[in-house]
Amino acid sequence: MTTALERPLVQRATAHRFPVPGIAAATDPTGILLADGHHLFRSGLGALLDREEDLAVVVEAAGGEEAVAAAARVRPAVAVLGLDPEQPDGPALARQVQQAAPGAAVLLLVPALPRTAELRRALVEGASGVLLKDVQAPALIAAVRELARGGRVYDPRLVLDVVRTGQAGPLSRRELAVLGEIAAGSTVREAAAALSLSPGTVRNYVSAAIAKTRARNRCDAIRIARECGWL
């Protein structure tokens, strides 16, 4: 028997998508991809967003791989990704969804306050918003609308933590992104493909990171970046 969580994708059809005969069609609602591993949470959030005239959940996914496949297929304007404590890598998922659907704004819903380094990495990887899962409904709806307009939204508690601990040291966002890929086990060519850079450019970023951190090699640069909370 197939359960809701076992379905590869859940396609949603909402009243927003069917014009009334004789009435001019309004502006198309913002198409949303909704992903979360918990069916009840996902269904409740989908119903909440679908009640808004200018928003429409066009596809649901139960996990990261399904979310990436759905993003490539429907090209949503906003992807709302609910993360669980066991989620292996939320920032990487944000990047994968953006690569599958260029131009999509990604909103991460996290279950607890992430470490400062994890939040910084989410920003580097392209998340347009990060909110805790306990966010109030009006704030979540407003956040989705803001992302659809090209804005960014972060939980004030997360932003305060980043401000208190400072910025990502001497390393640029690109240098951090490259180090993050290398730290995750990617080769230079794999990191270049993931970040849409040339291998030579990736090597230059690695060399710059080594020089700025005064490290002996790339492994030492990764260690220093992690210990300083930059990665």
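This is a predicted model: local features need pLDDT of at least 70, side-chain atom pairs count only at pLDDT 80 or more; totals for chains, interfaces and linings use all residues.
Visitor: Why does Glu181 count as buried?

Guide: The relative accessibility of Glu181 is 6%. Buried means under 20%, so Glu181 counts as buried.

Visitor: Why is helix 7 called oblique to helix 8?

Guide: The axes of helix 7 (residues 173–183) and helix 8 (residues 188–195) come within 9 Å and cross at roughly 130°. That angle makes helix 7 oblique to helix 8, because angles over 145 degrees count as roughly antiparallel and 65 to 115 as roughly perpendicular. The crossing is right-handed.

Visitor: Which residues make the contact, and what is its make-up by class?

Guide: Helix 7 contributes Arg174, Ala177, Val178, Glu181 and Ile182, and helix 8 contributes Val188, Ala191, Ala194 and Leu195. By class, seven of these residues are nonpolar, none is polar and two are charged.

Visitor: How do you know that Arg42 is buried?

Guide: Arg42, in helix 1 (residues 39–50), has a relative accessible area of 0%. The cut-off for buried is under 20%, and Arg42 is therefore buried.

Visitor: What makes the pair of Asp36 and Arg42 a polar contact?

Guide: The backbone oxygen of Asp36 lies 2.7 Å from a polar atom of the Arg42 side chain. A polar contact requires N or O atoms within 3.5 Å, so the pair is placed within that limit.

Note on methods
Residues are numbered from 1 along each chain as its sequence is written. Side-chain values use heavy atoms; hydrogens and water are left out. Axes are lines fitted to C-alpha atoms, for helices over the stretch in contact, and angles run from 0 to 180 degrees between N-to-C directions. Helices (H or I, at least four residues) and strands (E, at least two) are DSSP runs, numbered from the N terminus. Angles under 35 degrees count as roughly parallel, over 145 as roughly antiparallel, 65 to 115 as roughly perpendicular and the rest as oblique. A crossing is left-handed if the near helix is turned anticlockwise from the far one by less than a right angle, and right-handed if clockwise. Contact means heavy atoms within 4.5 Å. Ala, Val, Leu, Ile, Met, Phe, Trp, Tyr, Cys and Pro count as nonpolar, Asp, Glu, Lys and Arg as charged, and the others, Gly among them, as polar. Buried means under 20% relative accessible area, exposed over 50%, partly exposed in between (1.4 Å probe, protein chains only). A polar contact is a pair of N or O atoms within 3.5 Å; within protein, one must be able to donate a hydrogen and the other to accept it, and residues adjacent in sequence count only if both atoms are side-chain atoms.
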